[in-house]
Amino acid sequence: MTVQDCKMTGMPWVSPYLCVLDVDKSVEFYEKAFGFKVVEKIVKNEEGVSVHCELRYQDSVVMLGLQGAWDDEVKAPASTLKTSPISLYVYCSNVDELCIHAEKTGAIVEQKPEDTFWGDRMCRLKDLNGYMWSFATHISSKES
């Protein structure tokens, strides 16, 4: 077995798996607000409730799992009313446009786009599940 045989073809080596309140609503939000695309059809349980989905953004995959599915006790930050210790940093082609569009589709703007000392223009958005997302466009290379 080679190292490449250890993972599914087309999947990255590391993918975040987010616990969400509602898979269908989350998929709709991430597609509309952030431009993600469904990779795998949505998996439903015996009752017809969506419990899993894989989304793609550029060369990355983000997986979603329904809170409480498979007797899991993990909760989305929106359920616990606590800030998640994990945030996601995503590059995009135009952070200003993405921020405006995401806010119109329900994202909460925690930080408007601004230039950073490391050369990115970045905003911070909170999604409907309570996760924090930093979106950035690289604008200049900083040399020491």
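In which strand is the place of lysine 41? Lysine 41 lies in strand 2, which covers residues 37–44. The close-up views below come from a predicted model.

**View 1. Lysine 41 on strand 2.** Lysine 41 has a relative accessible area of 68% and therefore counts as exposed, the cut-off being over 50%. Along the chain, glutamate 54 is 13 residues apart from lysine 41, and the C-alpha atoms of the two are separated by 7.6 Å. Lysine 41 is also one of the residues in contact with histidine 52.

View 2. Is histidine 52 buried or exposed? Its relative accessibility is 10%, so histidine 52 counts as buried, the cut-off being under 20%. The side chain of histidine 52 makes a polar contact of 2.8 Å with the side chain of tyrosine 17. A polar atom of the histidine 52 side chain also lies 3.5 Å from the backbone oxygen of leucine 64. With neighbours within four places in sequence left aside, the residues in contact with histidine 52 are Tyr17, Val23, Glu40, Lys41, Ile42, Val43, Met63, Leu64 and Trp70.

**View 3. The largest nonpolar core.** This core has 31 residues. Leu18, Tyr30, Phe34, Leu125, Trp133 and Phe135 have the most contacts inside it. Two or more core residues come from each of strand 1 (17–20), helix 1 (23–34), strand 3 (50–57), strand 4 (60–66), strand 5 (87–91), helix 3 (95–104), strand 7 (120–126) and strand 8 (132–138). Helix 1 gives the largest share, six residues. In soluble globular proteins, nonpolar side chains tend to be buried together.

**View 4. Contacts of tryptophan 133.** Tryptophan 133 is among the residues with the most contacts inside the largest nonpolar core. Which residues does tryptophan 133 touch, not counting those up to four places away in sequence? They are Leu18, Tyr30, Phe34, Phe36, Leu88, Val90, Cys123, Arg124, Leu125 and Asp127.

**View 5. The largest pocket.** The volume of this pocket is about 220 Å³. Its lining is made of 16 residues, and Tyr57, Ser60, Val62, Tyr89 and Val90 are the closest to the pocket centre. Strand 4 and strand 5 each supply at least two lining residues, and the largest share, four residues, comes from strand 5. By class, twelve lining residues are nonpolar, three are polar and one is charged. Val90, named here beside the pocket centre, is also touched by tryptophan 133.

Note on methods. Residues numbered from 1 in each chain as written. Predicted model: local features only at pLDDT ≥ 70, side-chain atom pairs only at ≥ 80, totals over all residues. Heavy atoms only, no water. Core = buried A, V, L, I, M, F, W, Y, C linked by side-chain atoms within 4.5 Å. Buried < 20%, exposed > 50% of the residue type's maximum accessible area, 1.4 Å probe, protein only. Contact = heavy atoms within 4.5 Å. Polar contact = N/O pair within 3.5 Å; in protein donor to acceptor, adjacent residues only side chain to side chain. 1 Å grid on protein atoms, 1.4 Å probe; cavity = no way out; pocket = protein on both sides within 12 Å on 5 of 7 lines; lining within 4 Å. Points joined across faces, edges and corners; volume = space filled by probe spheres on them. Nonpolar A, V, L, I, M, F, W, Y, C, P; charged D, E, K, R; others polar.
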